[in-house]
Amino acid sequence: METVTSSGKAVVKLPAETQILITREFDAPRHLVYRATTEPELIAQWWSGKRGKVTSAEVDLREGGTWRYVMMANEGFEVAFHGTFREIVPNERTVTTEVFEGVPAIGLPASDEEGTLNTTTYEDLDGRTRLTVLVECHTREVRDAIIESGMEGGMQEAYDKLEQVAISLG
């Protein structure tokens, strides 16, 4: 399993040709990390990291429900992602699709069926939380494009802010 980075608290690995595995521990209880990742008003506080301002966070938290996050990047352009909830086990696991709305311009899949499938697990560590996200892509090219996009740096920033938001809920 190739480790891409551990430049921040999150560790990014490539366990298979079409997978990205992200692991990060948070100094907050599992139910608060779950809330911070599923409630729109909380997502808006951390999702953009230091790279912009969230302008919209919509979440229909039910199987078959959709989500969409939009931010205005510091450079003045809009960045948006959306997807569908496939499975929800509150405080334990979510499975969602994820599509970057800018990908048609760079040749990546644009439909929900072609986007990634993300399985997020929330593990209780006696008052702390281990968050694990398995991103499954349709092809190695898509996986590599995600890795090369700078995703890791933005994710590290966002997860640092997510930890602050989750702690503040306690």
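Author: Strand 6 and strand 7 (residues 93–100) pair in the antiparallel sense, over 6 bridges. Strands here are DSSP runs of E of at least two residues, helices are runs of H or I of at least four residues, and both are numbered from the N terminus; two strands pair if DSSP finds at least two bridges between them. The model is a predicted one, in which local features need pLDDT of at least 70 and side-chain atom pairs count only at pLDDT 80 or more, while totals for chains, interfaces and linings use all residues. Residues are numbered from 1 along each chain as its sequence is written, and side-chain values use heavy atoms, with hydrogens and water left out.

Within this pairing, phenylalanine 85 has threonine 96 of strand 7 as its bridge partner. The two strands form a hairpin with 3 residues between them. Asparagine 91 is found in the loop between strand 6 and strand 7, and its phi is positive, about 65°, although it is not a glycine. Most residues other than glycine have a negative phi. Asparagine 91 is partly exposed, at a relative accessible area of 26%; buried means under 20%, exposed over 50% and partly exposed in between, with a 1.4 Å probe and protein chains only.

On its other pairing, strand 6 (residues 78–89) is joined to strand 5 (residues 66–73) by 7 bridges, and these two strands also run antiparallel. Tryptophan 67 has glycine 83 of strand 6 as its bridge partner. The hairpin of strand 5 and strand 6 has 4 residues between the strands, and glycine 76 takes a positive phi near 95° there.

Another positive phi, near 55°, belongs to aspartate 126, a residue other than glycine. Aspartate 126 lies in the loop between strand 8 (116–124) and strand 9 (129–136). With a relative accessible area of 76%, aspartate 126 is exposed.

Turning to the helices, helix 1 (residues 30–38) and helix 4 (residues 151–168) pack at an angle of about 120°, with their axes 8 Å apart. Axes are lines fitted to C-alpha atoms over the stretch in contact, and angles run from 0 to 180 degrees between N-to-C directions. Leu32, Val33, Ala36 and Thr37 of helix 1 meet Leu162, Val165 and Ala166 of helix 4, where contact means heavy atoms within 4.5 Å. The residues of this contact divide into 6 nonpolar, 1 polar and no charged.

Methionine 155 is found in helix 4 and counts as buried, at 9% relative accessibility. Not counting residues up to four places away in sequence, methionine 155 touches Ala10, Val12 and Ile22. Methionine 155 and glycine 49 are 106 residues apart in sequence, and 7.2 Å apart in space, C-alpha to C-alpha.

Methods: Nonpolar A, V, L, I, M, F, W, Y, C, P; charged D, E, K, R; others polar.
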